[in-house]
Amino acid sequence: KLIRGDDDGSIYLLSIYKSTVDFTFCLYDPASCNRIRTSLSHAALHKWLSDEARLVHNTNDSRSSRCPRYRDHPSLALLLPGRQGDLVEWLSTRLSVKTTPDTGHRRVLFQFEIDQEKAERLACRIQSVVRKLAARARARTMIREHFEKVFDRESGAYYYVNSKTGACQWTKPILLGDDELDFPKDQWRRIVSEEGGRSGKPNVYYHNPATGQLSWLSEEEAARMLQRRVRERQATDITGPKLDFATVASAVKFINDAERAFAEQPDRLSHKVNYAMVCHCLKFDYDQAKQQYEEAIQRCPSHPVIGRAYAILLLAMPRPTSHEGGVERNNVTQKALDLFREAEIGDPTARMFRLAIQNCFLWAVVVHPRNPLALLNSALLQQYVLKDPGRADKLYRRALAMSMNGPNAAIVRQNYEIFQALRY
């Protein structure tokens with residue numbers, strides 16, 4: 001039988017020899033007088049025909065699980081006796097001559113061998129693609145482990161840093177492709193500079209890659225500094241501006257002189273008033289302070305300093321809380337308000353009261369910052385004398401917090417309720 005080669009179109013004379021174990025195929029090339037031989041065992045032929053029959057069977061009825069039979073499939077029927085001519089025709093149409101590109105050697109291949117080689121080449125190509133994808137994934141994973149994005153505050157853009165080498169670049173690593181690195185976490189990192197300072201020791205600073213900020217302080221150090229600033233601000237809201245050395249020395253001298261002068265000359269009006277304010281604001285001896293204020297106000301009823309100080313004492317002293325004591329409580333409150341009103345007429349700017357404010361009322365809050373009576377006196381001062389309701393409210397709230405369930409809670413709460421009623 002004559003067949004044509006697949007590569008160059010050469011004509012070959014095909015001869016088939018059958019033995020008890022195999023078929024031998026001999027192709028003769030008249031042009032070159034060369035012969036090409038191959039063989040196919042009966043078992044291999046049977047498997048080839050069975051595989052092709054099974055493929056046709058599964059395609060026609062995928063739900064059937066019956067094994068293919070000779071009579072049902074033409075390819076298997078070729079093995080029946082009397083079908084040798086059909087088998088030779090079937091084999092000759094599935095025989096090809098291929099030339100190996102590398103060596104130029106010609107081979108005789110059956111169709112199932114060609115299909116196997118195609119499947120192997122396809123498998124190799126798929127494996128190559130899978131390996132490339134896996135290698136690319138590993139490379140991107142390594143890049144993600146070694147590179148990170150860092151924000152630059154000056155340009156408003158991100159740059160890329162190699163954490164292993166420290167190298168920086170504006171362009172994204174090429175192997176990332178269309179992927180992008182994750183945005184950096186908003187956290188501070190400790191960095192040790194290789195360049196030392198004047199002491200020769202490495203410089204340590206802190207960097208936030210998400211914001212691009214730099215700081216010489218750690219988060220803990222910055223938190224402590226912030227807490228200190230907040231406490232200073234809170235203290236300023238309560239005691240006013242930070243006291244300098246001269247103010248502290250003046251307050252201490254005033255207190256010592258007031259006690260010494262009263263001990264030497266207790267009947268002198270100035271000594272009596274100064275000592276009363278020390279007992280009132282710093283010693284919290286309200287009985288002694290009230291006695292001295294009353295004696296002083298009898299001698300000088302219209303003095304603004306005595307009137308204001310005595311009025312604050314009247315409001316700060318415990319008053320009746322029962323229903324029967326309501327009239328007495330209102331009388332005391334009205335008396336204090338009258339004293340404030342008279343003092344404001346004689347000293348509208350409270351200039352005469354400045355020394356008492358600095359050396360007694362504000363100094364008491366500095367010395368006793370957690371004492372509710374010191375805070376209450378200062379709150380009354382801010383409310384009625386200095387006319388600063390904002391600072392008075394802060395002092396009242398702090399006094400309430402310091403006197404929680406304590407013996408002074410009632411008087412602080414009473415004054416705060418009056419303050420709120422007058423303010424709102």
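1. Among contacts in the protein between residues at least 6 apart in sequence, what percentage join residues at least 24 apart? The value is 47%. Contact here means heavy atoms within 4.5 Å.

2. The model is predicted: local features need pLDDT of at least 70, side-chain atom pairs count only at pLDDT 80 or more, and totals for chains, interfaces and linings use all residues. Residues are numbered from 1 along each chain as its sequence is written, and side-chain values use heavy atoms, with hydrogens and water left out.

3. Overall make-up. The protein has 14 helices and twelve strands; these are DSSP runs, numbered from the N terminus, with helices being H or I of at least four residues and strands being E of at least two. Of its 424 residues, 35% count as buried. Buried means under 20% relative accessible area, exposed means over 50%, and partly exposed lies in between (1.4 Å probe, protein chains only). The protein exposes about 26,400 Å², and carbon and sulfur atoms supply 52% of that area. Accessible areas come from the Shrake-Rupley method with a 1.4 Å probe; for residues, only the protein chains shown count as cover.

4. Nonpolar cores. A nonpolar core is a set of buried Ala, Val, Leu, Ile, Met, Phe, Trp, Tyr and Cys residues joined through side-chain atoms within 4.5 Å. The largest one has 60 residues, of which Met-277, Tyr-293, Phe-353 and Leu-380 touch the most other members. Helix α9 (residues 304-316) gives the most to this core, with ten residues. A second, separate core has 22 residues, including Tyr-12, Leu-14, Leu-27 and Leu-45.

5. Met-277. Which residues does Met-277 touch, not counting those up to four places away in sequence? They are Phe-254, Leu-282, Tyr-293, Ala-309, Ala-356 and Cys-360.

6. Asn-359. This residue is found in helix α11 (residues 354-367). Asn-359 counts as buried because its relative accessibility is 1%. A polar atom of its side chain lies 3.5 Å from the backbone nitrogen of Ala-251. A polar contact is a pair of N or O atoms within 3.5 Å; within protein, one must be able to donate a hydrogen and the other to accept it, and residues adjacent in sequence count only if both atoms are side-chain atoms. Apart from residues up to four places away in sequence, Asn-359 touches Ser-250, Ala-251, Phe-254 and Ile-255.

7. Ser-92. Helix α3 (residues 84-92) holds Ser-92. Is Ser-92 buried or exposed? Ser-92 is buried, because its relative accessible area is 6%. Its side chain reaches the backbone oxygen of Glu-89 at 2.9 Å. Not counting residues up to four places away in sequence, Ser-92 touches Lys-1, Ile-3 and Leu-14. Leu-14 is also one of the residues in the second core.

8. Thr-24. Strand β3 (residues 22-29) contains Thr-24, which counts as partly exposed because its relative accessibility is 23%. Leaving aside neighbours within four places in sequence, Thr-24 is in contact with Ser-15, Ile-16, Tyr-17, Arg-37, Thr-38 and Ser-39. Thr-24 and Leu-40 are 16 residues apart in sequence, and their C-alpha atoms are 6.5 Å apart in space.

9. Arg-190. This residue is found in strand β10 (residues 189-196). Arg-190 is exposed, because its relative accessible area is 57%. Its contacts, leaving aside neighbours within four places in sequence, are with Val-204, Tyr-205 and Tyr-206.

10. Surface patch. Leu-2, Ile-11 and Leu-13 make a nonpolar surface patch of about 270 Å². Patches are made of residues with over 30% relative accessible area and no salt bridge; like charges are joined within 9 Å, and nonpolar side chains (Val, Leu, Ile, Met, Phe, Trp, Tyr) within 5 Å. A salt bridge is a side-chain nitrogen of Lys or Arg within 4 Å of a carboxyl oxygen of Asp or Glu. Ile-11 has its place in strand β2 (residues 11-18) and counts as partly exposed because its relative accessibility is 35%.

11. Positive phi values. Cys-33 lies in the loop between β3 and β4 (34-41). Its phi is near 60 degrees, a positive value in a residue other than glycine. Cys-33 counts as exposed because its relative accessibility is 52%. Phe-284 is placed in the loop between α7 (269-283) and α8 (286-299), and its phi is near 55 degrees, again a positive value in a residue other than glycine. Phe-284 is buried, because its relative accessible area is 19%.
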